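Open your viewer, get the sequence panel ready, and let's take a walk together. At each stop you will get something to select and a short note on what is there.

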Amino acid sequence: MLIGISNLISPELLKAMMEMGHGDEIVIADGNFPGASHAQRLIRADGHGIPELLDAILHLFPLDPYVDKPVSLMQVTPGDTVKTPIWDTYGEIIEARTGLTAPFEEVERFAFYERAKKAYAIVATGEGALYANLILKKGVIKE
């Protein structure tokens, strides 16, 4: 345990975020995402939901200010009637932590998988919401 760092942030996750450079990406994956077969580095966060983990991450992790959309969502497959209210929750968290009001781009499912394979790490959560996966692009710390 450390002062000022949420206990949701595991040592492995903290290390990965520290190692990442500007422009590197990290996937925060829901419980259905094929993380083990796609990850260069798999970080387990079983039992945690994405909203609380996202909030904890954004206390430490700068989003890239040099791209229009530093957060990517897995697009709902055409014809699927699933609703994605968790995206609104993500938007509220991101706005509260960064001030960004429209940070999302939607990425087609299979393109999302290919992008995830190139990500610095995939964090496998226990999130049960469908289409809850997101990719965060790391920014810079400005002094």
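Start by selecting Ala-29, which counts as buried because its relative accessibility is 1% (buried means under 20% relative accessible area, exposed over 50%, and partly exposed in between, with a 1.4 Å probe and protein chains only). Ala-29 lies in strand β1, residues 25–29. Helices (H or I, at least four residues) and strands (E, at least two) are DSSP runs, numbered from the N terminus.

Before moving on, two notes about what is on your screen. This is a predicted model, in which local features need pLDDT of at least 70 and side-chain atom pairs count only at pLDDT 80 or more, while totals for chains, interfaces and linings use all residues. Residues are numbered from 1 along each chain as its sequence is written, and side-chain values use heavy atoms, with hydrogens and water left out.

**Stop 1: the sheet**

Switch to a cartoon view. In what order do the six strands of the open sheet lie? The order is β2-β5-β1-β6-β3-β4, and the pairing is mixed. Two strands pair if DSSP finds at least two bridges between them. At the edges you will find β2 (42–45) and β4 (104–107), each of which pairs on one side only. Neighbouring strands of this sheet are turned by 25° against each other on average, direction ignored; here axes are lines fitted to C-alpha atoms, for helices over the stretch in contact, and angles run from 0 to 180 degrees between N-to-C directions. Strands of a sheet pair through backbone hydrogen bonds, either parallel or antiparallel.

**Stop 2: β2 and β5**

Select β2 together with β5 (residues 121–125): the two strands run parallel and are joined by four bridges. Arg-44 stands opposite Ala-124, and the bridge partner of Ala-45 is Thr-125. In a regular strand the side chains alternate between the two faces of the sheet. In β2, Ile-43 and Ala-45 make up the covered face, while Leu-42 and Arg-44 make up the uncovered one.

Next, pick Ala-121 in strand β5. Ala-121 is buried, with a relative accessible area of 0%. Its C-alpha atom and that of Asp-68, 53 residues apart along the chain, are separated by 22 Å.

**Stop 3: β3 and β4**

Move to strand β3 (residues 71–74). Are its faces covered or uncovered? Both are covered: Val-71 and Leu-73 on one side, and Ser-72 and Met-74 on the other, are all buried. β3 and β4 run parallel, with four bridges joining them. Val-71 stands opposite Phe-104 in β4.

**Stop 4: charged pairs**

Show the side chains now. Side chains of opposite charge can pair when their charged atoms come close. The structure holds seven salt bridges (each is a side-chain nitrogen of Lys or Arg within 4 Å of a carboxyl oxygen of Asp or Glu).

- Glu-19 and Lys-15 meet at 2.4 Å, N to O. Both lie in helix α1 (residues 11–19), four residues apart, about one turn of the helix. Glu-19 is partly exposed, at 39% relative accessible area.
- Asp-46 forms a salt bridge with Arg-44, with the closest N and O atoms 2.7 Å apart. Asp-46 counts as partly exposed at 46% relative accessibility.
- Glu-105 forms a salt bridge with Arg-115, with the closest N and O atoms 2.9 Å apart. Glu-105 lies in strand β4 and Arg-115 in helix α5 (residues 109–118), so the pair ties together parts that are ten residues apart in sequence.

**Stop 5: Tyr-131**

Finish at Tyr-131, in the loop between β5 and β6 (134–137). Its phi is near 55°, a positive value in a residue other than glycine. Is Tyr-131 buried or exposed? Tyr-131 is buried, with a relative accessible area of 12%.
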